[in-house]
Amino acid sequence: MTIVNVLNVIPPKMIGNVIDSIRLDQLSAPQLTKTVAFLFALGIFLYILNFIWVYSLFGNSFLLEKMLRSRLFGHLTRMAPSFFHRNRTGDLMALATNDVPAISQTAGYGVLTLVSTVSGTTVVLITMVTLIDYKLMLAALLPLPFLAFAISVLGKQMRKRFLAAQAAFGKMNDHALESISGMRVLRSYVQETKDMEAFGGVTQDVMDKNRRVAFVGALFQPVVQTIVGISYAIGIGYGSYLVFHSELTLGQLVSFNIYLGMLIWPMISFGEFINVLQRGSASADRVDAALRQQTDVPEPREPVNVEEPLVIEFDRLTFRYPGASADSLCDISVRLNRGETLGVVGRTGSGKSTLLKQLLRQYPIPENRLRISGVPIENISQERVKSWIGYVPQEHLLLSKSIRDNIMFGFPEAGDNRLHQAIEAACFTGDIEQMKEGLDTVIGEYGVMLSGGQKQRVGIARAIVTDPEILLLDDALSAVDARTESRILQNIRSERSGKTTIIATHRLSAVSHAHRIIVLEEGRIAEQGTHEQLMELGGWYRRQYDIQQMESNLMNELEKG
Ligand code: ATP
Ligand code: MG
């Protein structure tokens, strides 16, 4: 670009020279031909140079966009749940769809305008001083400081307004995302009109804020043009005066005015540069703020190598969710040997899911309160811990892929044999036979095309296909009938001899075979022991078990009768 700018000052000088030759009657045919041929060749050469810099500059701005997006996405994949409580999904998406392009625009168009301003202005000014007249130049550039001042004021406004517009866009994204993914709930409560009105307000806000950005943006050009116009007036007026007083030739005056014209673009581009820079740096701040947030569950600095999870030990563990006002787990102590099954039961909200999640390392926990094979879990690399675990969450998380891909998600290299074994164990074979495309049925976003019980069984097959060392079932069978549930549990038990299993459930029959059962109450262990011991004890477990037994007997009789 700089070379182009340097070469650009040659033609005006040649034109001035030709005019002076004409005036002095000295122009010869060969000289004119030479000039025209030179200008022609220069034109072609500039064309090629321009192509090279435009292509490499804007091509690389897309490379920057790609790199930034990948970095942002990589960062998101490393964040713990608390990060996603702090940052809403729509906002995070706005970073990737709106802010990253704004940054890459600054890298492309911003660099273009910056180089054009700096090298364009410098080259033209030097040429004016050396080839024409420094007095004329100074006079013509008298209005420039005003330009700098006006642009710095506008630039500050631009930045402020652009930040507000981007934030409004993030909010709108959030609203759209929530409405679209919750459309079924929205419809069933007949809230469409209300939601449309609310959305109308949000988009209105986005429009207003972007208009405010456009308003400032539109002020840039007129300001520049006015000031350039004043420069022109001075150039022509004072220039003619100098020609009249024979301090300047006519050709020099023509060249000078062409040079002045060549300053217009660098000046406009100075305004554009500030404009684009302010947007880009506002966006860069937003992206940076997301990238700077560290996960609150960091990797251990010197991870201890634990080959196998022989013993899992909760040792007086107390846990509170970040920002919560009460402990969700209180003084939990349980020891579980490899191969054992632990049942976790208790009222809704008593902390069952919270207990299971501790093994997934989603939240920071106090030091040395949860050990695997005697090593505090925070000293073992998270990848290692997670490689042991098969987790069936309470709220099923399926992807809009085929059933096969969903089940093999964590273990893509599982063979067909293993796949069918897992499906069989999850009692899902019959369901697949009913589907026209079998395992290749695509189940829609979040698995909308499956029933609740089917989703749960896909989740179970997904967890057991990896044959994990530790299997966590969080209320994983609540949506299947009791008979299927007991068949699946039977399968899991025989599949998993020698491996550890933790089952949280409301249906007590699901854990009656467990080596140890704990009853949670407001985050504390209220009762614990084997099924027999707890029945003996005659507490909550006993009462609940009897009620559920009675219910199931009643159901059986009703079915028969
Ligand atoms: P359920 O049987 O309904 O699944 P649960 O026994 O699994 O219940 P938990 O999900 O472990 O109960 O919740 C225990 C307590 O922790 C509840 O009081 C709940 O309000 C609180 N809690 C759960 N998740 C969070 C969270 N992300 N932030 C703050 N508090 C939470
Ligand atoms: Mg739960």
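Predicted model: local features only at pLDDT ≥ 70, side-chain atom pairs only at ≥ 80, totals over all residues.
Trainee: Which protein donors does the magnesium ion (ligand 2) have?

Mentor: Ser-353, through OG, and Gln-394, through OE1, both lying 1.9 to 2.2 Å from the ion. The pair sits 41 residues apart in the chain: Ser-353 is in helix 11, while Gln-394 is in the loop between strand 6 and helix 13.

Trainee: And Ser-353, buried or exposed?

Mentor: Its relative accessibility is 16%, so Ser-353 counts as buried. Gln-394 is at 34%, so that one counts as partly exposed.

Trainee: Switching topic, which residues touch the most other members in the largest nonpolar core?

Mentor: Val-345, Ile-407, Ile-460 and Tyr-541, out of 45 residues. Helix 16 gives the most to this core, with five residues.

Trainee: What is Ile-407 in contact with, leaving aside its neighbours within four places in sequence?

Mentor: Leu-419, Ile-423, Val-458, Ala-461, Arg-462 and Val-465. Another core lies apart from that one, with 34 residues, including Val-124 and Leu-248.

Trainee: OK, helix 17. Which residues there are buried?

Mentor: Thr-484, Glu-485, Ile-488, Leu-489 and Ile-492. Down the helix axis they fall within an arc of 135°, so they line one face of helix 17.

Trainee: What do they pack against?

Mentor: Helix 14, helix 16, strand 7 and strand 8. On the face turned away from the buried side, helix 17 carries the exposed residues Arg-483 and Ser-494.

Trainee: How far apart are the end C-alpha atoms of helix 17?

Mentor: They are 20 Å apart, which agrees with the span that 14 residues should have at 1.5 Å a residue.

Definitions and conventions: Residues numbered from 1 in each chain as written. Chains lettered and ligands numbered in written order. Heavy atoms only, no water. Helix = DSSP H or I, 4+ residues; strand = E, 2+ residues; numbered from the N terminus. Expected span 1.5 Å × (residues − 1). Buried < 20%, exposed > 50% of the residue type's maximum accessible area, 1.4 Å probe, protein only. Arc of directions from axis to C-beta. Contact = heavy atoms within 4.5 Å. Donors = N, O, S within 2.8 Å, 3.2 Å for Na, K, Ca; no water. Core = buried A, V, L, I, M, F, W, Y, C linked by side-chain atoms within 4.5 Å.
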